[in-house]
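You asked for a reading of this model before it goes further. My notes are set out point by point.

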Amino acid sequence: MKKISIVIPAHNEEDNVALIHQRIKEVFLKLDTYKFEIIFVNDGSRDQTQAKLEQLANQFEEVKFIEFSRNFGHQPAVKAGMDCSNGNAVISMDADLQHPPELIPDLIKKWEEGADIVYTIRTYPKQISIFKRKTSILFYHFLSSISDVNLVEGGGSDFRLMDASVVDVVREMNETDIFLRGLSTWVGFRQIGVPYVAAERASGESSYNLSKMLRFAFTGITAFSVKPLYLAAYLGFIFSVFAVLGYAIYVIHSFVTQTEISGWASLIMTVVFFGGLQLIIMGIIGMYLGKIFKQVKERPNYIIRSKNF
Ligand code: UDP
Ligand code: MG
């Protein structure tokens with residue numbers, strides 16, 4: 001019998017863990033040709049999530065949990081679950097039921113048909129704010145255009161199935177600031193997408209706010225592209241050409257008209273502009289430097305406090 005491991009990161013999801021377990025169990029009642037396990041990763045929850053998980057694990061043998069020593073973030077949580085899984089395929093999904101468990105049979109079907117990675121394409125229900133919808137679409141467009149990884153629009157959620165062979169590859173990757181959404185595209189293999197409608201959060205609050213989303217964006221971009229680093233070279237080249245042309249024009253102009261060109265305001269603005277530009281570019285270099293700094297320390301992506309398997 002093939003075994004499916006389901007990895008669910010949970011950060012302050014006390015009311016959702018039992019719900020999602022119930023829904024998944026119902027799905028597998030119909031899929032009785034498969035064994036399954038649910039690996040909850042408690043990512044430093046400050047509510048009763050851990051107690052609820054222990055209670056569930058006592059009741060049901062398919063429930064497993066990993067407790068982090070603190071909050072490490074959603075991506076490390078998914079990675080931890082994958083690292084500790086041993087199914088023939090691993091499905092990762094959110095704890096808040098935004099990823100409908102009822103899609104699992106479709107994912108498994110595509111996998112049985114030969115796909116190594118079955119990703120999901122999110123189509124939004126009307127309730128989701130326009131802001132979140134638009135920023136998400138923009139983000140993936142932007143990311144695809146500046147990085148070497150082609151990300152699918154709406155394919156950016158962490159609801160996907162991976163064959164054990166892919167999981168083995170991902171397990172070996174120990175980069176800091178791990179970004180699975182990009183990695184799962186980057187690794188290649190045979191990939192196929194399945195569309196679904198994202199549901200609303202069952203209960204609790206989203207842990208992502210604007211600043212977390214921005215940080216996520218920077219992580220994604222810097223993890224998959226060095227193009228921002230070339231920005232300095234391009235801009236430097238363009239501005240140098242302008243400067244040389246401008247210089248020539250002004251010299252000729254002042255010779256022909258026999259006048260001096262005045263204007264300290266424009267001079268100051270130019271100085272300020274280039275000061276700003278240089279700081280931005282130094283900041284970009286700094287971001288990569290920071291990544292290298294984090295990487296050379298070789299700290300783990302997560303620390304496990306306890307685990308029941
Ligand atoms: N999550 C996590 N660690 C965090 C933030 C979130 O493990 O620091 C989990 C959370 O419990 C949920 C999933 O990641 O299962 C997605 O988080 P959320 O629903 O807050 O994000 P959104 O759906 O709003 O993008
Ligand atoms: Mg959510």
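This is a predicted model: local features need pLDDT of at least 70, side-chain atom pairs count only at pLDDT 80 or more; totals for chains, interfaces and linings use all residues.

The points below go from the overall division of the chain to single contacts.

1. Contact between them involves five residues of domain 1 and four residues of domain 2. On the domain 1 side, the touching residues comprise one nonpolar, two polar and two charged.

2. Annotated spans. An unreviewed UniProt entry lists residues 229-252 and 264-289 under "transmembrane region". In the model, residues 229-252 are 100% helix and 0% strand, with the end C-alpha atoms 36 Å apart. Residues 264-289 are likewise 100% helix and 0% strand, and there the end C-alpha atoms are 37 Å apart.

3. A contact at Leu-231. This residue belongs to helix α9, residues 227-257. Which residues does Leu-231 touch, leaving aside those up to four places away in sequence? They are Ile-281 and Ile-284. Leu-231 and Ile-281 are 50 residues apart along the chain, yet their C-alpha atoms are separated by 7.6 Å. Leu-231 has 15 other C-beta atoms within 10 Å and is therefore classed as partly exposed, since a buried residue needs 20 or more and an exposed one has 12 or fewer.

4. The sheet. Eight strands form an open sheet with mixed pairing, in the order β7-β5-β6-β4-β1-β2-β3-β8. The edges are β7 (191-197) and β8 (304-307), each of which pairs on one side only. From one strand to the next, the twist averages 20 degrees.

5. Strand β6. Both faces of β6 are covered. Arg-160 and Met-162 lie on one side, Leu-161 and Asp-163 on the other, and all are buried. Strand β4 runs antiparallel to β6 and is joined to it by four bridges, with Met-162 of β6 as the bridge partner of Val-90. Strand β5 is also antiparallel to β6, through three bridges, and here Ile-117 stands opposite Met-162.

6. Helices on the sheet. Helix α2 (residues 49-59) lies across β1 (2-10), β2 (34-42) and β3, and runs at about 150 degrees to β3. Helix α6 (residues 164-171) also packs on the sheet, where it touches β4 (89-92), β5 (117-123) and β6 (160-163). The direction of α6 makes about 90 degrees with that of β6.

7. Helix against helix. Helix α1 (residues 17-30) packs with α2 at an angle of about 35 degrees, and their axes are 9 Å apart. Val-17, Ala-18 and His-21 of α1 meet Thr-49, Lys-52, Leu-53 and Leu-56 of α2. The residues of this contact divide into four nonpolar, two polar and one charged.

8. Helix α3. Why is α3 (residues 74-83) described as largely enclosed by the rest of the structure? Nine of its ten residues are buried. The buried residues are His-74, Gln-75, Pro-76, Ala-77, Val-78, Lys-79, Ala-80, Gly-81 and Met-82.

Methods
Residues are numbered from 1 along each chain as its sequence is written. Chains are lettered from A and ligands numbered from 1 in the order in which they are written. UniProt positions are given in the numbering used here, feature names are shortened, and annotations may be inferred rather than shown by experiment. Helices (H or I, at least four residues) and strands (E, at least two) are DSSP runs, numbered from the N terminus. Two strands pair if DSSP finds at least two bridges between them. Axes are lines fitted to C-alpha atoms, for helices over the stretch in contact, and angles run from 0 to 180 degrees between N-to-C directions. Two residues are in contact if their C-beta atoms, placed from the backbone, lie within 7 Å. Ala, Val, Leu, Ile, Met, Phe, Trp, Tyr, Cys and Pro count as nonpolar, Asp, Glu, Lys and Arg as charged, and the others, Gly among them, as polar.
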